[in-house]
Amino acid sequence: GVEACISTDAAGGVELWDASAASEPGAGKIGGDVTAARNGIAWSSRAADTDWYDLVKKNGRRRKKSPPLAPIYAVAAAAGESVEDGGTRIRIALYCSDRRIRLYDYRTGKRIVVYDDSMEFYDRESAARFSRKREPGAAAGPRSNLYYGMDRIQYGSLAATEREISAGHVFRPGGPPPAPRRRPDDSDDDSDGPGGVPDPPAGRQRLRIAFDASGTVLLVPTPVGIRCTDVTSHTPVRVIGRGDAAACRFLAVVPCGGDARVDAQMALARSGGSARAVGSGDAERVAR
């Protein structure tokens, strides 16, 4: 596979680094620039041939506005490798501070597509779904006036939570500011670490996105659940946890391989209480 790593900064910069462990003479050191021979790229100039500097250029224009606009930068990144047409293809996804996901082709450095994950997008979608009239003769189903399994009140609560998160540190670089330093003799409890330095405060959540094992499905925690998007056709294929999204906001996703082990209690919960889901007295079964 390709041995390279990616880094981003608060100015919108995106850098690729050689992570190969080659020790041959002239191979270069780990952490140097990526090359076509070692890292499989198809460009020579990052600024002229690729879209890696798009955010830096955009931020330059934003600074000239009156008043200046806040810079756009990546807050989370993920890479997925897939087998397509007899070869491998690597895509890099960047979740940016403007609540848009930019998908790039690693080999060419070109941007493929931009997915909108802003609250304005969900507001437009929810308004369209809530106002959509039922066709004559169509049965009124339980989800006829719902948006991703939520009614209007649930979606309003979700939008309020999202405004809180947007004003916090989740979409900011570097996390929250460090806690103030305290002297050892000022400590009146056991909460301080060595040298009178308080332990890191809770709530340092960071956004995390990921690809599945096939490298073709991008998993993104969104306000309405974990959205699974097929990056080959750019269509959402599933939303996981949308029933829980009104009560808790997913911020990170980590794919885990293997089969889930489901006990009788979980099987009953998944089936809505049906005894048939438990089977003939099996205490545990493997979900396929």
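Residues are numbered from 1 along each chain as its sequence is written, and side-chain values use heavy atoms, with hydrogens and water left out.

Two aromatic pairs are present in the structure. In one of them, the ring centres of phenylalanine 121 and tyrosine 122 lie 5.1 Å apart with planes at 75 degrees, so the pair is edge-to-face. Rings of Phe, Tyr and Trp (its six-membered ring) pair if their centres lie within 6.5 Å; planes under 30 degrees apart are stacked, over 60 edge-to-face, and the rest tilted. Phenylalanine 121 has a relative accessible area of 21% and is therefore partly exposed.

## Aspartate 117

The side chain of tyrosine 122 also makes a polar contact of 2.4 Å with that of aspartate 117. A polar contact is a pair of N or O atoms within 3.5 Å; within protein, one must be able to donate a hydrogen and the other to accept it, and residues adjacent in sequence count only if both atoms are side-chain atoms.

Aspartate 117 sits in the loop between β6 (111-116) and α4 (119-131). Helices (H or I, at least four residues) and strands (E, at least two) are DSSP runs, numbered from the N terminus. With a relative accessible area of 0%, aspartate 117 is buried. Beyond four places in sequence, aspartate 117 touches residues including Tyr95, Arg99, Pro221 and Arg227, where contact means heavy atoms within 4.5 Å.

## The four-stranded sheet

β6 belongs to an open sheet of four strands, ordered β3-β4-β5-β6 with antiparallel pairing. Two strands pair if DSSP finds at least two bridges between them. β3 (74-84) and β6 are at the edges with a single partner strand each, so one side of each has no neighbour in the sheet. Direction ignored, neighbouring strands of this sheet are turned by 20 degrees against each other on average.

Within the sheet, β4 (residues 87-96) and β5 (residues 100-105) are joined by five bridges. Isoleucine 92 has tyrosine 104 in β5 as its bridge partner.

## Two hairpins

β1 (residues 4-8) and β2 (residues 14-18) run antiparallel and share five bridges. Cysteine 5 is partnered by tryptophan 17 in β2. The two strands form a hairpin with five residues between them, and glycine 12 in the turn has a positive phi of about 95 degrees.

Another hairpin consists of β9 and β10, with four residues between them and a positive phi of about 60 degrees at histidine 234 in the turn. Five bridges connect β9 (residues 225-230) with β10 (residues 235-240), an antiparallel arrangement. Cysteine 228 is opposite arginine 238 in β10.

## Threonine 216

Threonine 216 lies in the loop between β7 (210-211) and β8 (217-222). Its relative accessible area is 19%, so threonine 216 is buried. A polar contact of 2.8 Å links its side chain to that of serine 214.

## Confidence

The protein has a mean pLDDT of 76, with 70% of its residues at 70 or more; pLDDT is the predictor's confidence in each residue, from 0 to 100. Where pLDDT is low, the predicted coordinates should not be read in detail.

How values were computed. Predicted model: local features only at pLDDT ≥ 70, side-chain atom pairs only at ≥ 80, totals over all residues. Buried < 20%, exposed > 50% of the residue type's maximum accessible area, 1.4 Å probe, protein only. Axes fitted to C-alpha atoms, helices over the stretch in contact; angles between N-to-C directions.
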